[in-house]
Amino acid sequence: MSPEILEQLLIAVIALGDASDDKAADVLMELATDNDTSTRHTVASALGQISGDKAVDILRKLATDNNGDVRCSAAISLGKIGGEKAVEALSQMLNDDDEGVRGIASKAITKFGLGIERRLLLDCFSGSMQDALSRLRKT
């Protein structure tokens, strides 16, 4: 894809994110599987403006992308959206190989103020994700 077309596509993706509706999420879902890392990164950022279950579902997939920058962007957007499904995805990202992804996920989880204690984060980092998620659901 030429740089000019890519630039126009990225502008369109950002505009779709600003549209804040399910139709925009449907278009972004298709772009979330694009071969271009910049496109997937921008899709993850735009989804943070939409919120809703569709956006979270797409971000959960992008949270496992092979590119760390895409995963970081997904974590930031999940942090903006919030909610139980977003927190669950962020909790799983605490075990990411990328230190930046883990840091963003940790900060996003703690900002929700959902009664998550320090112990929850320690459980996640120690590998007992089920205990952490169980404790999260009880809060």
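Which residues in α5 meet which residues in α7? The close-ups below take that up along with a few other spots in this predicted model.

**View 1. The whole chain, before zooming in.** Of its 139 residues, 44% count as buried. Looking at contacts with a separation of 6 or more, 56% come from residues 24 or more positions apart.

**View 2. α5 against α7.** Here's the answer to the opening question: G68, R71, C72, A75, I76, G79 and K80 on the α5 side meet G100, V101, I104, A105, A108 and K111 on the α7 side. Sorted by type, the residues of this contact come out as seven nonpolar, three polar and three charged. The two axes sit 9 Å apart, at an angle of about 0°. With angles under 35 degrees counted that way, α5 and α7 are therefore roughly parallel to each other.

**View 3. The largest nonpolar core.** This core holds 31 residues, and the ones with the most contacts inside it are L47, L59, L62, L78, L90 and M93.

**View 4. Zooming in on L62.** L62 is one of the core residues with the most contacts inside the core. Skipping its neighbours within four places in sequence, L62 is in contact with A32, R40, V43, A44, L47, V70, R71 and A74. One of these partners, L47, is also on the list of residues with the most contacts inside the core.

**View 5. Helix α6, tucked in.** How many of the ten residues of α6 are buried? Seven are, so α6 is largely enclosed by the rest of the structure. The buried ones are A86, V87, E88, A89, L90, S91 and M93. Two of the names here, L90 and M93, turn up again among the core residues with the most contacts.

View 6. R40 belongs to helix α3. Is R40 buried or exposed? Its relative accessibility is 7%, so R40 counts as buried. The R40 side chain makes a polar contact of 3.5 Å with the side chain of N66. Ignoring neighbours within four places in sequence, the residues in contact with R40 are L31, A32, D34, N35, L62, D65, N66, N67 and V70.

**View 7. D65 in the loop between α4 and α5.** D65 is found in this loop, and at 11% relative accessibility D65 counts as buried. The D65 side chain reaches the backbone nitrogen of N67 at 2.8 Å. Setting aside residues up to four places away in sequence, D65 touches R40, V70 and R71.

**View 8. T37 alongside N67.** T37 lies in helix α3 and is partly exposed, with a relative accessible area of 31%. Which residues does T37 touch, not counting those up to four places away in sequence? They are N67 and V70. T37 and N67 are 30 residues apart along the chain, yet their C-alpha atoms are separated by 7.3 Å.

Technical notes. Residues numbered from 1 in each chain as written. Predicted model: local features only at pLDDT ≥ 70, side-chain atom pairs only at ≥ 80, totals over all residues. Heavy atoms only, no water. Core = buried A, V, L, I, M, F, W, Y, C linked by side-chain atoms within 4.5 Å. Buried < 20%, exposed > 50% of the residue type's maximum accessible area, 1.4 Å probe, protein only. Contact = heavy atoms within 4.5 Å. Axes fitted to C-alpha atoms, helices over the stretch in contact; angles between N-to-C directions. Helix = DSSP H or I, 4+ residues; strand = E, 2+ residues; numbered from the N terminus. Parallel < 35°, antiparallel > 145°, perpendicular 65-115°, else oblique. Nonpolar A, V, L, I, M, F, W, Y, C, P; charged D, E, K, R; others polar. Polar contact = N/O pair within 3.5 Å; in protein donor to acceptor, adjacent residues only side chain to side chain.
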